[in-house]
Amino acid sequence: MAVDEEKMMEFLGRVIGDAGAAVAGLCTSLGDRLGIYAAMAEGGPMTAARLAERTGLQERYLREWLAAQVAGEYVTYDPRTDSYLLPEEHAAVLADPSVPTYAAGFFTMLQAMYGTEDVLMDAFRTGQGVGWEEHSEALFAGTAKFFRPGYAGALVPEWIPAMNGTERKLTAGAEVADVGCGYGWSTMLMARAYPASHFTGFDFHQPSIDRARELAAEQGLSERVGFEVAGAQDFPGDRYDLITFFDCLHDMGDPGGALHHAEQALAPDGACMIVEPNASADVRENANPVGRVVVSASVALCLPAALAQHGPQAMGNHAGEEAMRRLADDAGLHHWKLAAESPVNRVYAAAR
Ligand SMILES: C[S@@+](CC[C@H](N)C(=O)[O-])C[C@H]1O[C@@H](n2cnc3c(N)ncnc32)[C@H](O)[C@@H]1O
């Protein structure tokens, strides 16, 4: 079969574009972590020298970084004034962690993902897992940073109200477990919104729990939020009105066992909220920007993390709604509904 030259060149162009995005991701992470985007967002058009003054960073490095930002069309350049501008619309995505559109946090995770390439090569050969705890802190911090804005924008205003009767219970005073809570932003968002309720975040990763406790203290929430080291299959408590799993069930080696334990730990009319990535079990349906991010992260993080737990399942993060629904049903959670959806997440409600 003759190669279609035009198609080949078009694909080569795409791959070069991806190479640019892959390298530029490091610059995005630097811009986020060094506060360069934040300084630009507040300051209007500015020269590299002015940006150096505002950030306390070296002008020569900033000039290079700004050139890369202009090449990626994140920043505009005005040659008349030798000044650079981060447009407001871009600032909403890169500079302000408090808005739901902030996405720069993802790039902190890249250091951890790229850093495990050699370990993953071995894993591909042996079939062994790579545990969540084997990664660098950049993964835990980046995960928290990436998911927090989406939770802040939707968890309290949309997702909880979409779970039948749950908002009423949380307002009146309920007991809540947030399983696989990581740094606990989801737990703290709920605690802030429902002061009559009590919340405990559980995670088997001690450093994440330590950080969650620090953050809760900084937020003045330690009274109503506890964070404990515990696995999804043995966390304590037996009368929870709500048990949540934010982007973690698929990372477990025994997600069915975790749901079975949750079913045992629920109050008679309690419910589980299961938040999973918005990706499809049909691999063809993930050929879109979000699908590509999600499924690629599954290769680097989710599947290896689940395999490292040596359980009966290692689902990957795109097993889809039907697989999750079956696990819940087998665990005794027979009532299932898709409660809410965002471009990044699907939110399921499961109850007896
Ligand atoms: C992708 S992170 C999500 C963290 C947090 N829920 C969020 O949405 O930002 C997955 C989390 O699940 C935790 N985890 C994975 N398997 C677990 C298990 N079997 N028991 C408890 N926690 C687990 C990991 O330690 C990690 O913090």
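These notebook entries record what I looked up in a predicted model of one structure.

**Entry 1. Conventions**

I took the model as predicted, with local features requiring pLDDT of at least 70, side-chain atom pairs counted only at pLDDT 80 or more, and totals for chains, interfaces and linings using all residues. Residues are numbered from 1 along each chain as its sequence is written, and side-chain values use heavy atoms, with hydrogens and water left out.

**Entry 2. The ligand and its shell**

I began with the ligand.

A polar backbone atom of G180 lies 2.6 Å from a nitrogen atom of the ligand. For a polar backbone atom of F246, the distance to a ligand nitrogen is 2.8 Å. A polar backbone atom of A232 is 2.9 Å from a nitrogen atom of the ligand. Taken alone, the ligand exposes 590 Å², and the protein buries 95% of that; accessible areas come from the Shrake-Rupley method with a 1.4 Å probe, and for residues only the protein chains shown count as cover.

**Entry 3. Cavity**

On a 1 Å grid over the protein atoms alone, a cavity is a set of points where a 1.4 Å probe fits but cannot get out, whereas a pocket is an open set with protein on both sides within 12 Å along at least five of seven lines; lining residues have an atom within 4 Å of a point. Grid points are joined across faces, edges and corners, and a volume is the space filled by probe spheres set on the points.

The count came to one cavity of 30 Å³ or more. The volume of the largest cavity is about 60 Å³. Its lining includes H250, E276, P277, H318, M324 and Y348. β7 (266-277) and α14 (321-330) are the elements that give two or more residues to this lining. I recorded its classes as five nonpolar, five polar and two charged residues.

**Entry 4. Second largest pocket**

The second largest pocket has a volume of about 260 Å³. Of the 16 residues in its lining, N164, A271, H335, A349 and A351 lie nearest the centre. At least two lining residues come from each of α9 (166-172), β7, β8 (335-341) and β9 (345-351). Strand β7 supplies the largest share, four residues. The lining divides into seven nonpolar, four polar and five charged residues.

**Entry 5. Positive phi**

Most residues other than glycine have a negative phi. I therefore noted E73, which is not a glycine and has a positive phi of about 60°, and counts as exposed because its relative accessibility is 67%. E73 sits in the loop between α4 (59-71) and β1 (76-78). H310, also not a glycine, has a positive phi of about 50°. I found H310 in the loop between α13 (289-307) and α14. H310 counts as exposed because its relative accessibility is 62%. The cut-offs are under 20% relative accessible area for buried and over 50% for exposed, with partly exposed in between (1.4 Å probe, protein chains only).

**Entry 6. Separations**

Is C272 buried or exposed? C272, in strand β7, counts as buried because its relative accessibility is 0%. C272 and E73 are 199 residues apart along the chain, and their C-alpha atoms are separated by 43 Å.

L12 lies in helix α1 (residues 5-33) and counts as partly exposed at 42% relative accessibility. Between the C-alpha atoms of L12 and N278, 266 residues apart along the chain, I noted 29 Å.

A217 belongs to helix α11 (residues 206-218) and is partly exposed at 49% relative accessibility. From A217 to F107 the separation is 110 residues in sequence and 27 Å in space, C-alpha to C-alpha.

How values were computed:
Nonpolar A, V, L, I, M, F, W, Y, C, P; charged D, E, K, R; others polar. Polar contact = N/O pair within 3.5 Å; in protein donor to acceptor, adjacent residues only side chain to side chain.
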